[in-house]
Amino acid sequence: MANQVKSDKDYSQYFQPPSLSDAKKRGKEEIAVHYDFHIPEDMQGFGKDKYYLIRTYGCQMNEHDTEVMRGLLEQMGYQTTEDKYQADVILLNTCAIRENAEDKVFGELGHLKALKAQKPGLVLGVCGCMSQEEAVVNRIMQKHAFVDLIFGTHNIHRLPGLLKDAFYNKEMVVEVWSKEGDIVENLPKKREGIRAWVNIMFGCDKFCTYCIVPYTRGKERSRRPQDVLAEVRDLAHQGFQEITLLGQNVNAYGKDFEDITYSFANLMDDIRKIDVPRIRFTTSHPRDFDDDLIEVLGKRGNLVEHIHLPVQAGNTEVLKRMSRKYSREHYLQLASKIKATMPDVVLTTDIIVGFPGETDEQFDETMSLYEEVGFDFAFTFIYSPREGTPAAGMEDNVPMEVKKQRLYRLNELVNAHSKASNEKLLGQTVEVLVEGESKNNADVLAGRTRTNKLIHFTGSKELIGQMIDVQVTHAQTWILKGEIVQKPLKLSI
């Protein structure tokens with residue numbers, strides 16, 4: 001297989017640069033749903049006696065995309081491996097949210113260059129969100145011409161045909177759809193473990209000024225309710241203990257339906273009646289988190305008491321520059337409503353520090369909002385511009401040293417709240433889903449509570465995959481430790 005790309009090849013038919021003005025022209029054309037997916041007959045045994053390796057970067061959506069690619073590859077006959085020297089296909093499933101994620105991918109490509117030289121028959125591909133950016137594709141073509149295959153987030157279902165082209169073509173195969181496609185149901189998925197992710201919708205129409213997702217994932221498209229419910233029922237039948245519903249903005253689910261009125265609250269109300277021990281969802285946008293959803297979540301059952309609700313900043317002016325479409329007051333009112341319905345709810349969030357124009361006083365409002373809401377945890381980030389977003393054109397006028405100081409102060413607060421929240425659980429008995437062995441000690445088991453807190457305890461490996469009761473004996477900043485509570489035997493009389 002040739003490693004060189006013809007310099008005069010026109011790739012413009014495959015992709016367009018991210019453009020705010022173009023991306024905002026969300027068409028009204030109907031999204032078709034396809035149920036007839038199948039692996040082409042000539043590709044069904046294509047991977048016999050061959051191995052694949054997928055490296056995944058980024059969010060749960062990327063993890064879910066990897067499950068689909070694994071399913072496709074295994075239906076083609078490929079076997080999975082973690083050994084890059086054994087692999088016949090290596091795919092890097094990429095994230096475009098932050099610059100350091102991009103740097104990791106290009107670093108990995110640098111490491112794989114030597115392997116590709118040693119093993120010319122290896123198919124090396126880059127896919128995912130980074131592939132939706134023209135600058136990234138150009139950089140790969142110019143500086144990493146040994147890559148065989150580039151495809152994006154909208155055409156994963158095309159993997160069998162693209163892989164075939166990559167094996168037989170004498171030049172790099174690039175297929176990146178700038179416009180999102182239809183919804184393809186019945187794609188195979190290779191899931192492992194006791195937890196499953198279910199994509200309920202694709203894309204995002206919020207256009208936060210710092211975010212590349214509306215360009216890399218396209219406009220909002222919701223799966224039909226019957227298809228989501230059928231997948232959840234099937235996972236329940238398979239014995240999965242926890243299901244997480246995924247979407248860039250799950251609260252917007254159903255808003256694009258024109259023939260039915262069916263919201264995210266309706267979906268959650270239907271899913272809570274399915275026999276799965278735990279249902280989670282991510283990610284929520286505060287703007288679309290309505291009273292109907294709060295009411296449904298208050299019914300509890302398998303709907304857990306953990307909500308991840310990204311606030312990003314605590315000052316209304318900063319939120320306006322971010323185009324978050326809510327104010328500080330709106331967010332505080334929302335958090336108050338949720339807590340009134342679910343007093344024991346655990347709220348977690350995302351926060352960006354050092355956004356263009358953020359003053360010391362505005363950052364202090366973020367700190368005070370964190371205190372007022374009483375978050376249990378936050379993912380915290382220093383702002384860095386992403387090419388192609390509106391914020392990249394703003395003056396990045398907060399010095400890096402100031403950004404680092406703010407992040408340090410915020411993380412100190414996050415840590416203090418996390419530890420205080422964990423300490424409240426001392427002596428309490430919590431329901432735990434046993435996930436496996438602790439990463440640091442094979443003699444210790446690890447699991448998560450309904451509120452998504454990590455807890456370690458000793459017990460038999462046979463408990464993995466089960467729900468058990470654990471009494472909390474130690475509380476640290478990030479983890480709990482506990483002892484299994486033995487349930488009394490029921491005596492028959």
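Modeller: Happy to! Let us start with Cys204, which is found in the loop between β10 (201–202) and α6 (213–216); helices (H or I, at least four residues) and strands (E, at least two) are DSSP runs, numbered from the N terminus. Residues are numbered from 1 along each chain as its sequence is written. Please keep in mind that this is a predicted model, where local features need pLDDT of at least 70, side-chain atom pairs count only at pLDDT 80 or more, and totals for chains, interfaces and linings use all residues, while side-chain values use heavy atoms, with hydrogens and water left out.

Cys204 has a relative accessible area of 10%, so it counts as buried (under 20%; exposed is over 50% and partly exposed in between, with a 1.4 Å probe and protein chains only). Cys211 also lies in the loop between β10 and α6, and it is buried because its relative accessibility is 17%. An unreviewed UniProt entry gives the annotation "binding site" to Cys204, Cys208 and Cys211; UniProt positions are given in the numbering used here, feature names are shortened, and annotations may be inferred rather than shown by experiment.

Now to Asn199, in strand β9 (residues 195–199). Asn199 is buried, with a relative accessible area of 2%. Leaving aside residues up to four places away in sequence, Asn199 touches Met61, His64, Arg223, Leu246 and Gly247, where contact means heavy atoms within 4.5 Å. With Leu246 there is more detail: a polar atom of the Asn199 side chain lies 3.3 Å from the backbone oxygen of Leu246.

Note on methods:
A polar contact is a pair of N or O atoms within 3.5 Å; within protein, one must be able to donate a hydrogen and the other to accept it, and residues adjacent in sequence count only if both atoms are side-chain atoms.
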